[in-house]
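Please look over the sequence and the 3D structure shown here before reading the notes. The notes are grouped by topic.

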Amino acid sequence: MTRAQGEDEMDERRDHPLRVTLSELMHLRELPLAGAPVRLRQWVFLVEPSDRDAEAAFVGLFAPGQDPALGRAVSVGEAGGWLWERHQEFSTWTWFAYGSLGEDLGFQIEPEESFFWLHGAPGRVFRGVEISVGALGAEPPSEAALSRHIDLRRCVSCEVFDGAARIWTDFRLREGGAGRIHVHNQGLANDEVSRLVQTLLEIGNYRKLALLGFAPARETLAWLDGAEARLAAITGDLAAGEDSQAVLDDLLRLSAEVEARAATSRFRRGATESYHQLTLDRLEALRERRLPGHSTMSEFIARRLLPAMRTREAADRRLDGLSERVARCGDLLRAKLGLAQDRQNQETLRGMDASLQLQTKLQGLVEGLSIFAVGYYVLGLLGYLLKPWLHGWPGGSERVLSALVPLVLIAVAASLHRRKKRLIGDEQP
């Protein structure tokens with residue numbers, strides 16, 4: 001082994017296991033676009049977790065030698081290629097081709113066999129978009145050419161990347177169910193074509209994914225109206241002193257519904273916030289310049305996306321507030337039930353105290369009778385003992401026994417008292 005080989009092995013042993021992985025991560029999501037002119041189409045598929053294995057198997061049929069488990073498969077040639085990428089809850093299929101755009105600005109219809117994934121890939125198509133980028137130094141497209149594919153009266157048009165390009169789009173679905181964006185290349189250099197196209201794709205994808213939370217938010221707001229009315233009725237019954245068990249049952253049902261809805265919307269809430277922030281981040285990366293008579297992409301998206309996000313936030317706040325009010329109502333009900341339980345315990349204790357006092361009195365009566373009973377038996381035994389000895393003294397035994405009566409009773413009472421104290425002392429810890 002040479003010295004250089006030994007040093008290489010030593011360096012490998014000292015490397016962190018994630019060193020190479022994290023370095024490659026910086027380039028993992030780059031679009032493999034070499035330059036312009038280029039036309040590109042992308043489809044976004046929403047894929048259920050249960051369909052991920054079938055999707056990996058499908059991708060493996062068209063990407064031999066590549067591992068779909070890595071979340072990316074690519075096929076690139078001189079004329080173009082295709083790219084598949086897997087994300088958290090969606091996947092993207094991207095097709096691109098180099099060459100002159102022609103009079104149709106690159107939006108001409110392609111044969112369906114070019115997009116094999118549309119006929120077999122698992123999931124549902126959620127978004128489609130077509131983007132064309134002109135060659136550097138080419139003449140700007142005419143209004144006639146643009147108007148065939150984009151509504152110029154209602155389109156978004158602005159300069160991006162500090163004036164290196166100008167874009168046109170009207171955010172409308174065209175033939176094939178895809179939106180269209182045309183990019184006039186005014187000075188894109190190096191990898192700016194790839195970065196600009198990727199930024200435009202991500203803006204559209206994240207914007208639409210963020211809107212997935214809008215419909216559930218509206219449905220939640222409608223449900224909240226009824227749920228808040230139910231909570232008000234429950235609180236009114238609680239204040240009016242209605243049957244606590246019935247109030248508790250109603251409150252438990254409402255609380256279960258609130259928590260179930262909160263659990264259902266938790267993922268969508270977090271995803272919506274993330275997609276919204278990603279959209280804003282990508283819009284900032286465009287570095288737009290406004291052109292007279294047209295809205296920028298940021299302005300257009302803000303007018304339509306922000307109200308939906310505010311609706312989502314309002315639904316989340318109201319749902320959280322309802323959950324807190326249900327919890328407070330539960331605390332009040334528990335306090336009421338606790339007070340009722342305390343009163344019941346007090347009544348029970350008072351009854352037990354009265355019973356104990358009665359038992360004490362009865363016990364005292366029994367103890368008094370016991371003294372006389374025991375004394376009677378003791379005197380009877382003494383009589384049997386004394387009569388033979390006092391037989392010659394007429395009436396002597398009766399006189400002696402009568403004199404012993406108080407002494408016997410006192411001795412019996414003292415003995416019983418000592419035994420009672422001993423028993424009480426043994427029972428105490």
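Predicted model: local features only at pLDDT ≥ 70, side-chain atom pairs only at ≥ 80, totals over all residues.

Residues are numbered from 1 along each chain as its sequence is written, and side-chain values use heavy atoms, with hydrogens and water left out.

**The chain as a whole**

- The protein chain has nine helices and nine strands; helices (H or I, at least four residues) and strands (E, at least two) are DSSP runs, numbered from the N terminus.
- Of the 429 residues of the protein chain, 36% count as buried. Buried means under 20% relative accessible area, exposed means over 50%, and partly exposed lies in between (1.4 Å probe, protein chains only).
- Among contacts between residues at least 6 apart in sequence, 71% join residues at least 24 apart. A contact means heavy atoms within 4.5 Å.

**Salt bridges**

- Side chains of opposite charge can pair when their charged atoms come close.
- How many salt bridges does a search of the whole structure find? The search finds 24, where a salt bridge is a side-chain nitrogen of Lys or Arg within 4 Å of a carboxyl oxygen of Asp or Glu.
- One of them joins the side chains of Glu-130 and Arg-180, at 3.5 Å from N to O. This pair links distant parts of the chain, with Glu-130 in strand β5 and Arg-180 in strand β8, 50 residues apart.
- Glu-130 is buried, because its relative accessible area is 3%. Arg-180 is buried too, with a value of 6%.
- Glu-159 forms a salt bridge with Arg-289, and the closest N and O atoms are 3.8 Å apart. This pair also links distant parts of the chain: Glu-159 is in strand β6 (residues 156-160) and Arg-289 is in strand β9 (residues 289-290), 130 residues apart.
- Is Glu-159 buried or exposed? Glu-159 is buried, with a relative accessible area of 18%, whereas Arg-289 counts as partly exposed at 42%.
- The side chains of Arg-318 and Glu-228 meet in a salt bridge of 2.8 Å, N to O. Arg-318 lies in helix α8 and Glu-228 in helix α6 (residues 214-240), so the pair ties together parts that are 90 residues apart in sequence.
- Arg-318 is partly exposed, with a relative accessible area of 26%, and Glu-228 is partly exposed at 24%. Salt bridges that share partners join Asp-225, Glu-228, Arg-318 and Arg-325 into one network.

- Gly-321 is found in helix α8 and counts as buried, because its relative accessibility is 16%.
- Gly-321 and Glu-228 are 93 residues apart in sequence, but 9.9 Å apart in space, C-alpha to C-alpha.
- Ala-144 is in helix α4 (residues 143-147). Ala-144 counts as partly exposed, with 48% relative accessibility.
- From C-alpha to C-alpha, Ala-144 and Glu-103 are 9.9 Å apart, and in sequence they are 41 residues apart.

**Glu-89**

- Where is Glu-89 found? Glu-89 is in the loop between β3 (80-86) and β4 (90-98).
- Glu-89 is buried, because its relative accessible area is 13%.
- A polar contact of 2.8 Å joins the side chains of Glu-89 and Arg-268. A polar contact is a pair of N or O atoms within 3.5 Å; within protein, one must be able to donate a hydrogen and the other to accept it, and residues adjacent in sequence count only if both atoms are side-chain atoms.
- The side chain of Glu-89 makes a polar contact with the side chain of Tyr-275 as well, at 2.8 Å.
- Leaving aside neighbours within four places in sequence, the residues in contact with Glu-89 include Phe-45, Leu-46, Val-47, Arg-52 and Ala-271.

**The lining of the largest pocket**

- By class, this lining has eleven nonpolar, four polar and six charged residues. Ala, Val, Leu, Ile, Met, Phe, Trp, Tyr, Cys and Pro count as nonpolar, Asp, Glu, Lys and Arg as charged, and the others, Gly among them, as polar.
- β5 (124-133), β8 (179-185), α5 (192-210) and α8 (297-389) each supply at least two residues of the lining.
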